[in-house]
Structures are given as structure tokens and as C-alpha cells.
Amino acid sequence: MEEIENLDFFNMDRRSFLKVVGAIGASAFLGLHHSDISRALELSKTKIIWVHGAECTGCSESLLDAGNPDIVQAIQKLNVDVVYHETLLAQQGIFVDGKPAGTSEMNSEILLDEAIEEGDYILVVEGAVANGPDGTGKYCMYGERTFKEIFKKAASNATLIMAVGMCATYGGINSADSDIADLTDFRGVAFQKVNPSKGMLTELGIEKPVINIAGCPAHPDWMLLTLAAVILGKVDVNDLDPILDRYKRPLVFFPQGNTIHDNCPRRGYYDRGIFDTEFSGDACLWKLGCKGPYTHSECALRRWNGSVNMCTQAGSPCISCCEPGFFDNGAPFYVEAEDKAILSGVNMDTAAKVGVAAATVGVAAHAARRIFFNKDDKKEEEK
Ligand code: SF4
Ligand code: SF4
């Protein structure tokens, strides 16, 4: 019995574990190793704080649509404790004299503060962080506080930050060109559009490991598989460079050598120069504004909604919602990219008509891919 008591529970493999439990009975084992087991559960429990800035909650909705595993299975299997999630918690927040009143059970503002104070959590950020007006952050408020202030506290104590969706990663629609963009000054966690020097972490002088799950919304599998890889220790959070591209997107989901165009179900039409000019046809959507040839993501392989469908398959041109700089880079959505003169004079019609469509179009798309993004956005494929 003494020998069993002194067994190293933490380093026991499953076979030995079952043998010991079988030999002395489960309840005796639990009694002997009660504190070890409690410690093990404590250690394996991963806390997640999920905060929302300027966004539409589409990424949380996307997460709730996850199919295999679904969100409940994922939380149970990964032993995750979602300590705080703005839209999944019952909404509470009583203020007296400008201060949150009550306890953490009664008031989610206090719960959030306590969870941040405890530290040791993965911070998931959905939504952009307002820096405006004039660096105050007052264009996005959490109760009585700015989201910028909440983000600063939450980011400072996190072990890892996972930014989900285009708003949190690169600013998204909040950072799109407009007359008020400079005033509102929305930032992504580590970038504003493609500019890392304008990310909110840089603005605040905070250094933390960041993973960007791009997409508008982010695919549920991309979020859950990334969380699983981190929680199960499959990736070293202190050495993320080998698994991320220069925009901090996981290479496995955003492959630099492939675009949506490479695996698009409509690709055969493209190669034969057969293009739809009106919606609801069967052919290639290039002339309706498809940006699939410039978009590095695995949508056409993984597909969406339980791997049933994806944009181009369903008849909607890809609007490049996974590329940094979205949506300015993808706009205007339903206008042929050639109209923006990004193909440097190559005419898709002519290319198709003269019967060298496949080769010429391929070269044109390759050229377009180079020109599509900002000049300082050096081509990732060369990495
Ligand atoms: S241009 Fe768009 S619709 Fe056409 S084959 Fe490429 S990805 Fe598919
Ligand atoms: S196909 Fe294009 S628009 Fe659709 S989800 Fe993928 S990247 Fe976004």
C-alpha cells in the first residue's frame, strides 16, 4: 500500500493507472491520491476570458455553429473554463456612484476584474479596440470604462492572446477607409490593417504572444483547433513564428502557397474562360468580383457549415474576408477586379477568347496577387 501511495500519479501512463485502480479499487485510489487528483484537475483546467470590442458578435455565433466537435464537446474535452464571455454570460452590471456594485456572482464587471487579477488565462479578443477620439478609447465603452482600458488590463495578465475575426485581428470594417476613420482610430490587437506598428499592443507597449484567426467571421474549426493545439501543448506559445505567417495567421489554415481559387469547385469554368455575368449561374464568378485568386485560406477545402458549402460554391464571389486589409482590399465586392486596373492591362475576356486562358489567366492571377495588396505588403509566398 505504501508503494502505491508513493506512486507518481502525474507521470503514470494510462495502463499503469488502470492497473493500480484495478488492484486497490477506485475509491481507495481516489482517497489515497485525492490531493494529487485535485491538483491535476486544477492544472489541466484552462481558463479563457473572451472579450468583445467593436464587432457584430458574428465570430461568437460562428463558434456556436461548430459541428465536430461542437462547442459544448470542445469545452468538456479540453477541460476549458470559460470564465467570462460577454454575450454568453447573463448580463449584469449594477453601478453605484460610478463603481460596480455587488459580488462576482451578481456582477459580471466584478467577475471580469477578478478573473483578470488571477491571471493564467488565454485571452480571446473579438472586435476592434477603439483608440479614438485622441487616444482616449471612448468610442467603445464597457459600462463606465473604455474597452481600451479593459483590453490593456486583460492583455497584460494573459499567457496568450487569440484575436478572432477581422475586427480583432486587423481592425476589419471599423478600420475601413472613411471620413471618420482617423477620428475613431480602431485598431486590431497586433495590427491595424497590415501595419503592426499601429496594433493596439504596440500602442500600449505590451508584448504578448498573439495568434490571429482571420475571417469575417472566423471559421469555428480554426478557432477550436487552434485553442485545442495550445491547450494540449501541441504548439509552443513562446515560439509561434514557425506556425504563423507574417500576419500571425496559422499557416495550416491560411496556406501561403494556395488560394481559394486553387481548389474552388468552379475552377473548371475559369480555366475554360466561362464566366457568369449575372448571379445564380453555375460558372466562374470572376466577373462578378470574385477575389478567390488572391485569398489565402482553406475555405474551399474545409468548407463551412459542417463542411457542406462555401461562398463560391453557393454562388457568392469570395470577398477576400481572410486577408489583412479587408475590407478595403476586397472592395468593391461585386466588381470584377480587373476594373480596378490591378491586372496591369491583361484582359480576361481576350485571354479566354484566344484559347490560352489557362496559362494566361494563371499568370494574370499571379500578377494580380502581387499587386492586390499594399505595396509594403511584401509577398508572403516569398517567405
Ligand atoms: S475566380 Fe472565384 S469563382 Fe472563379 S474559379 Fe476562382 S475562386 Fe472560383
Ligand atoms: S470564400 Fe472568401 S469570402 Fe468566403 S469565407 Fe472564405 S475567404 Fe471569406
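User: Which residue lies over the face of Y269, and at what distance from the ring centre?

Analyst: First, the conventions: this is a predicted model, in which local features need pLDDT of at least 70, side-chain atom pairs count only at pLDDT 80 or more, and totals for chains, interfaces and linings use all residues. Residues are numbered from 1 along each chain as its sequence is written, chains are lettered from A and ligands numbered from 1 in the order in which they are written, and side-chain values use heavy atoms, with hydrogens and water left out. A charge sits over a ring if NZ of Lys or CZ of Arg is within 6 Å of the ring centre and within 35 degrees of the ring normal. Here R272 lies over the face of Y269, at 5.2 Å from the ring centre. K287 is placed over the face of F275, at 5.6 Å from the ring centre.

User: How many aromatic pairs does a search of the whole structure find?

Analyst: Rings of Phe, Tyr and Trp (its six-membered ring) pair if their centres lie within 6.5 Å; planes under 30 degrees apart count as stacked, over 60 as edge-to-face and the rest as tilted. The search of the whole structure finds 16 aromatic pairs. For F279 and Y334, the ring centres are 5.7 Å apart and the planes stand at 85 degrees, so the pair is edge-to-face. F279 lies in the loop between α13 (267-271) and α14 (299-302), and Y334 in the loop between α15 (311-314) and α16 (348-353), so the pair ties together parts that are 55 residues apart in sequence. Helices (H or I, at least four residues) and strands (E, at least two) are DSSP runs, numbered from the N terminus. The rings of F327 and F333 have centres 5.5 Å apart and planes at 75 degrees, so this pair is also edge-to-face. Ring pairs link F279, F326, F327, F333 and Y334 into a cluster.

User: What is the geometry of the peptide bond from F326 to F327?

Analyst: This peptide bond is cis, with omega near 20 degrees. The bond from C216 to P217 is cis too, with omega near 5 degrees. P217 belongs to the loop between β11 (210-213) and α12.

User: Which residues have the most contacts inside the largest nonpolar core?

Analyst: A nonpolar core is a set of buried Ala, Val, Leu, Ile, Met, Phe, Trp, Tyr and Cys residues joined through side-chain atoms within 4.5 Å. The largest one has 81 residues, and those with the most contacts inside it are I49, L123, V125, F147, F151 and I161. Helix α12 (residues 220-231) supplies the largest share of this core, seven residues. Domain 2 (45-243) and domain 3 (260-382) both give residues to this core, so it lies between them; the domain bounds come from an automatic or database domain assignment.

User: What is the phi of S280, and where is S280 placed?

Analyst: S280 has a positive phi of about 80 degrees although it is not a glycine. S280 is in the loop between α13 and α14 and is exposed at 74% relative accessibility.

Note on methods
Buried means under 20% relative accessible area, exposed over 50%, partly exposed in between (1.4 Å probe, protein chains only).
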